Amino acid sequence: MDLQILWFVLIAVLWSAYFLLEGFDFGVGMLLPFLPKDERERGQMFQTIGPVWDGNEVWLVIAGGATFAAFPAWYGTMFSGFYLALLLVLFFLIIRVVSFEWRDKSESPRWRTAWMWANAVGSFGASLIWGVGLSNLLYGVPINSSGDFSGTFWDLFSGYTVLGGVTIVALFAFHGSTFLTLRTTGDLCERAAATARRLSVVAALIVAAFLSWTVAVAVDRNDKDVFPPILPAALGIAAVALAVLFVLGRRSGWAFVMTALATVLWVAAIFTSLYPRVMVSSTDFANSLTVDSASSAHYALAVMSVVAAIFLPLVLLYQGWTYHVFRARVRGDEVEAPPLAPTAGGAG
Amino acid sequence: MPLTLGLGPIVAIFQTLWHRTGQEQWLRLTRFFGTLLLINFAIGVATGLVQEFEFGMNWSVYSRFVGNVFGAPLAVEGLAAFALESTFFGLWIFGWNRLSPRLHLATLWIAVLGTWLSGYFILVANSWMQHPVGYKIVDGEAQLTSVWALLSNDFALRAYLHTMLAGLIFGSIVVLGVCCWHFLRGDEVDLFRKAAKVALIVAVPVTALQLVVGNRFGEAVTSAQSMKIAASEAQWNTCQPCGFSLFQIGGFTKDDQTPSFSITIPRLLSYMATGSFDGQVQGLTPLQKQEQRKYGRDNYMPNIRVIYWSMRVMAFAGVLMFLVAALGAWLYWKKKLERARWFHWTALVAIALPYIAATAGWILTEMGRQPWIVQGLLKTSEANSPNVSTTWLGISLGVFIALYITLGVVDFVLMRRYARPDRPTPKEELPEPAVTY
């Protein structure tokens, strides 16, 4: 198999993993100001994602590193072109990262509220920008003949790309609420389920609109046929529709599976519509970056493929184990009074 | 980040001792220093992301030029090391009651392994910028030709050893300082004597070894980057044998090459740079001529004054830390450690030394390479993103400086609060600190 195509697919998979996993912890973050009644419930929500958010964020680092190594030209153009956007993402991610570790280091309510908001704003902002950013790869940005971004920050905003951002915010909030329904107990769990029901229809409609538009953009602006982009788009719409049905039917496990699938298919729709290009140029289509022109040489890709073949399964394995270890629902009383001694006993 | 590299193993040692002996004191020390570790780890995660993004954002030409070679170790770092440390730190923080003690201990050691692996791949990437190996230039881009050459780059291995030792020094000097702070206030003296012992056992051999390793690393620099060594010694003319200048006033510019005052140890520079007391060290002026013949007209000398002093600051701080560690060990041996107030103050102040040494070391490494971004292949002035204007660079630099200062201050305040003697380490707060809401 052609290694360039393999790495294009792999980068799509890495983004999917990132969206799928960080998607729900961003969602939980966005719901922080609205869902909990008191400080204890906030602690409960923080604890549902506390052990895993850092592992989730790793997928972004890997996706970024893989792009750098496998497609240096894509990496250079995208990161320098989306300059301000990425600056904002970094800002949002940083305040969010430290909010996890620093929030519980003081008893002051103002300190805690401030970090709670930092987490919420960070989650919202980063989701929005990722949505806008990835849809811009397909929608096209001004790229000159030397492969450099030649537009401004405002060129990143069009009806389609803004909808892309809104879609990701809505989808992540929905995904986060189905996650919370699975991971909490009692009153908080019920409110999470109610929120999921309220969000479901809105999120589904936005996702359906965006994915349909994506197929149209692929045809109009990226010289694609309707097939194959229609495939992930249609499946994505089906997944989010099923998510609505499961949420309304109170099948929370299946609902989470469907919001997860919808998230993955959102990414799949973008990347399927992109191929064989990796960044579309809106000024002169010929300046678009392609899988061929942006990739590293064969040897580097081969080395990376071996590394990925060894380590990707390993990472999946131990991250899967982490989720297994922390599979128990987070109860409110657990948060209030931490147990006295680190007792022995097996996982779970 | 270097603090995480060194504090990680020390906390892991505490927990291992608790596991082995069952003494509750070790558990309390694990908790106490574990909290400091995590406060600091948060910063490391945040700034690590910035570093990865920053290459593409500000250095797009560089990214395209080197991505083939330089990107690989970064990607491997994410996949093989960063994933490990992030996932397993999460398990360790939240796993106190969910994992068996043995497994829980293992998660910490695995996370520590992750940080050490991570350091290796980062230094492989950085060392390639100092001493490029295993590549060829095709169509104006560097292409990887041998991954083994890249991974076993002599420069990288020496830099790695040097950096990891620096990490351990960092960890042990900080732990020692915190312990002495507690001695000073007479707080939990028995508990912190145990921690101080571990810190000293680490610090004494490691600070001593670092003086040797730093030296050997210097030799690698001499062969890969003669200009850097000449600049760090403000050595204008080729000399043989060469004396090591401890201190000098003036002598930092082309028009003023002879210092008006200096203290020099004969032959020491020859030894440090080449491993022989008769070794030849090339001077700035001949090197500049040589480079001009090779690469065309330009200034190939970094800022001599900055490089000279960062080298001195790093080396002096290194020697001072060794003295502090040795003194501490002697006092401990004489059973006077918890009473020697003058030493407590010294050790407390010494916490600043590893920060100063590491910063000076990186200034030396990075600024000493100028005008190159990749030694001999690409100049810094040609590597930036052409489409990113100076205004935006200024804005982003400003944002990050403001953000880092804020984070640094909060980090310091939190570390201080959690390391403070009058903050009791109450037993009821012991387990599961991360769970308290």
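Is Cys239(B) buried or exposed? Its relative accessibility is 13%, so Cys239(B) counts as buried (buried is under 20% relative accessible area, exposed over 50%, partly exposed in between, with a 1.4 Å probe and protein chains only). Before going on, note that this is a predicted model, where local features need pLDDT of at least 70 and side-chain atom pairs count only at pLDDT 80 or more, while totals for chains, interfaces and linings use all residues. Residues are numbered from 1 along each chain as its sequence is written, chains are lettered from A and ligands numbered from 1 in the order in which they are written, and side-chain values use heavy atoms, leaving out hydrogens and water.

Cys239(B) is joined to Cys242(B) by a disulfide, S to S 2.1 Å (a pair of cysteine sulfur atoms within 2.5 Å). The torsion about their S-S bond is about 100°, so this disulfide is right-handed. Cys242(B) is buried too, at 1%. In Cys179(B), by contrast, the sulfur lies 6.8 Å from the closest cysteine sulfur, in Cys180(B), which is too far for a bond.

Now to the interface. Here 79 residues of chain B are in contact with 82 residues of chain A (heavy atoms within 4.5 Å). Between chain B and chain A there is 1 salt bridge (a side-chain nitrogen of Lys or Arg within 4 Å of a carboxyl oxygen of Asp or Glu). Asp148(A) and Arg64(B) form it through their side chains, at 2.9 Å from N to O.
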